[in-house]
Amino acid sequence: MGKVLTGLDMFHIAEVLKDTKEELKFSDPEELPGAVNMKVDPKSETETFYADNVAYEQMSSLGDIDGEMEVADLPLDMQARIFGKTVENGIHFSSADDRTLEIALGFRAKISTGGYRYYWALKGKPELVPIEHKTEEGKPTPQTSQVKIKFMPLTNVKEGKRRWESKAEEGNGINAETWFKQVVYKDITKEDQPVVDVGK
């Protein structure tokens, strides 16, 4: 019997504190309750090279990585941190000088045969959250927050290896506690062993 993925929960956000050729560092992940929907859409750029009157070689490269996260609500204090807003006496101000953080985003989906599949999108820059509300028409209508995120590969080559995503299924030391304890950009299953690629 094949596996089917259902559901979505445990959104976690971490700040990319530093991602240079010399150093890679993330903040501790923070849970964001109210996961509704998540979409990560990597695009590939493919070019066909012709020789001897035929398609001789196909060359592919990673293009844009578009993401869209939907949550029940994105709290104002988290918006202030992510988008660099100024807060004065509980009032949140947006300005042209605000600087948006680069973040990593983790989540999981349930597997029909048991357990979960876990994900981290390692580095992305969110777009400002649109304001959209609707009047009630006889009954309450839930109004969610949707955040678009442009993901990209890590800059760091030595530790980050230019990766942009990690995913794994439960088992072999992978569970919610270990996966969301840190941003998973390297193997976390053997802490006392040399770092190797996840899945190898």
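The legends below describe close-up views of a predicted model.

View 1. Strand 10 covers residues 145-151, and its side chains alternate between two faces. Ser145, Val147, Ile149 and Phe151 point to one face and are buried.

**View 2. Strand 10 with its pairing strands.** Strand 5 (residues 54-71) pairs with strand 10 in the antiparallel sense, over seven bridges. Within strand 10, Ile149 stands opposite Gly67. Strand 9 (residues 116-126) also pairs with strand 10 in the antiparallel sense, here over three bridges. Lys150 of strand 10 is the bridge partner of Lys125.

**View 3. The largest nonpolar core.** This core holds 21 residues, of which Phe11, Leu32, Met69, Leu74 and Leu105 touch the most other members. Two or more residues each come from strand 1 (5-19), strand 5, helix 1 (76-83), strand 8 (103-111), strand 9 and strand 10. Another core, of 19 residues, lies apart from it and includes Leu24, Phe26, Tyr185 and Ile188.

**View 4. Surroundings of Leu74.** With neighbours within four places in sequence left aside, Leu74 is in contact with Leu32, Gln79, Phe83, Val129, Ser145 and Val147.

**View 5. Helix 1 and its cover.** Gly84, just after the helix, takes a positive phi of about 70 degrees.

**View 6. A nonpolar surface patch.** Phe49, Tyr56 and Met59 form a nonpolar patch on the surface, and together they have about 330 Å² of accessible area. Met59 is found in strand 5. Met59 has a relative accessible area of 42% and therefore counts as partly exposed.

**View 7. Positive phi in two loop residues.** Most residues other than glycine have a negative phi. Asn53, in the loop between strand 4 (35-51) and strand 5, has a positive phi near 65 degrees. Asn53 counts as exposed because its relative accessibility is 82%, the cut-off being over 50%. Lys161 is not a glycine either, and its phi is positive at about 50 degrees. Lys161 is found in the loop between strand 10 and strand 11 (165-169), and it is partly exposed, with a relative accessible area of 39%.

Note on methods
Residues numbered from 1 in each chain as written. Predicted model: local features only at pLDDT ≥ 70, side-chain atom pairs only at ≥ 80, totals over all residues. Heavy atoms only, no water. Buried < 20%, exposed > 50% of the residue type's maximum accessible area, 1.4 Å probe, protein only. Helix = DSSP H or I, 4+ residues; strand = E, 2+ residues; numbered from the N terminus. Pairing = 2+ DSSP bridges. Patch = residues over 30% accessible without salt bridge, like charges linked within 9 Å, V, L, I, M, F, W, Y side chains within 5 Å. Areas by Shrake-Rupley, 256 points an atom, 1.4 Å probe, with all protein chains shown as cover. Salt bridge = Lys/Arg side-chain N within 4 Å of Asp/Glu carboxyl O. Core = buried A, V, L, I, M, F, W, Y, C linked by side-chain atoms within 4.5 Å. Contact = heavy atoms within 4.5 Å.
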